[in-house]
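Open the model in your viewer and keep the sequence panel beside it. This tour tells you what to select at each stop and what is there.

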Amino acid sequence: MPVIAVENLKYRYPNTESLALDGLSFTVEKGEIIGIVGENGAGKSTLSQALIGLVPQFYKGAYGGRVLIEDLPAETTPISELCCKVGLVFQNPFNQLSGAKDNVYEEVAFGMQNLGVPREEMHRRAEEALKLLDIWQYRDRNPFDLSGGQMQRVAIASVLVMNPDILVLDEPAAGLDPEGRDTILSQIRNYHEQTGITVILVSHSMEDIARYANRVLVMSKAKVAMYDTVEKVF
């Protein structure tokens, strides 16, 4: 059974006339790295948010079709429940970080605290994620005092500690220099190799998609234009 099944997904934001998603259908198998590409406005970020139920539960609007995460319908399953299966990393870390904590370590542990993860387990997960993403040395720093790349790694760590089955990355390296982009994506690939997690990577960089993805979903004008292996798509 696919870990993600999208069936004739349609969505229109409130007070708009055009569809942001228009009849999308595709599946994702466990352990794949799927690249999603397309022009600005093609629907990539909207699709990312639909995979965790933010569309339509938070962003109201006209919604049709369905998204199944394993056997859970994303449009009706509480987001608090879906967050245990799907982790979404936003393009801008300012949209990810809570701002409720004064240092990196507590920020990364914040979600686990809300779920009541036992203290020893919480510390173990936080330490592992911070070391994996090479930000352990910044654990006592305020997240908003870090560089853009370091903040993005804090945002990713805060998602990884939740142990999701699926990791959705919406332009995780946007605005970073090539070295910073390579660092983040290499760390994600290492995590994928260690855990077998399913990864959805949204990116404008064809080089990144060619290097890291197994299959590519090409979006154009809110539709799926192509969905195949990297070799066939390129």
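Start by selecting Lys 131 and Glu 127: being four residues apart in helix 5, they are separated by about one helical turn. Helices (H or I, at least four residues) and strands (E, at least two) are DSSP runs, numbered from the N terminus. This is a predicted model, in which local features need pLDDT of at least 70 and side-chain atom pairs count only at pLDDT 80 or more, while totals for chains, interfaces and linings use all residues. Residues are numbered from 1 along each chain as its sequence is written, and side-chain values use heavy atoms, with hydrogens and water left out.

**Stop 1: salt bridges**

Stay on the pair. Lys 131 forms a salt bridge with Glu 127, and their closest N and O atoms are 2.6 Å apart. A salt bridge here is a side-chain nitrogen of Lys or Arg within 4 Å of a carboxyl oxygen of Asp or Glu. Lys 131 counts as partly exposed at 45% relative accessibility. Glu 127 counts as partly exposed too, at 31%. The cut-offs are these: buried is under 20% relative accessible area, exposed is over 50%, and partly exposed is in between (1.4 Å probe, protein chains only).

How many salt bridges does a search of the whole structure find? It finds eleven.

Next, select Arg 66 and Glu 7. They form a salt bridge, with the closest N and O atoms 2.7 Å apart. This pair links distant parts of the chain: Arg 66 is in strand 4 (residues 62-69), Glu 7 is in strand 1 (residues 4-12), and they are 59 residues apart. At 37% relative accessibility, Arg 66 is partly exposed. Glu 7 is partly exposed at 33%.

Now select Arg 211 and Asp 182. Here the closest N and O atoms of the salt bridge are 3.5 Å apart. Arg 211 lies in helix 8 (residues 206-212) and Asp 182 in helix 7 (residues 178-195), so the pair ties together parts that are 29 residues apart in sequence. Arg 211 is partly exposed at 39% relative accessibility, and Asp 182 is partly exposed at 25%. Then highlight Glu 121, Arg 124, Arg 125 and Glu 128: salt bridges that share partners join them into one network.

**Stop 2: helix 4 against helix 5**

Select residues 104-115 for helix 4 and residues 119-132 for helix 5. Their axes come within 10 Å and cross at roughly 130°. That makes helix 4 oblique to helix 5. Axes are lines fitted to C-alpha atoms, for helices over the stretch in contact, and angles run from 0 to 180 degrees between N-to-C directions. Angles under 35 degrees count as roughly parallel, over 145 as roughly antiparallel, 65 to 115 as roughly perpendicular and the rest as oblique.

Show side chains. Val 104, Tyr 105, Val 108, Ala 109, Met 112 and Gln 113 of helix 4 meet Met 122, His 123, Arg 125, Ala 126 and Leu 130 of helix 5. Contact means heavy atoms within 4.5 Å.

**Stop 3: helix 6 against helix 7**

From helix 6, the contact uses Gly 149, Gln 152, Arg 153, Ile 156 and Leu 160; from helix 7, Thr 183, Ile 184, Gln 187, Ile 188 and Tyr 191.

**Stop 4: Leu 47**

Is Leu 47 buried or exposed? Leu 47 is buried, with a relative accessible area of 0%. Find it in helix 1 (residues 44-50). Leu 47 touches Leu 9, Leu 21, Leu 24, Phe 26, Ile 36, Leu 217 and Met 219, not counting residues up to four places away in sequence.

**Stop 5: backbone details**

Select Val 55 and Pro 56. The peptide bond between them is cis, with omega near 15°. Pro 56 lies in helix 2 (residues 54-57).

Move to Asn 163, in the loop between helix 6 and strand 7 (166-170). Its phi is positive, about 55°, although Asn 163 is not a glycine. Asn 163 is partly exposed, at 37%.

Finish at Glu 171, in the loop between strand 7 and helix 7. Glu 171 also has a positive phi, near 50°. At 10% relative accessibility, Glu 171 counts as buried.
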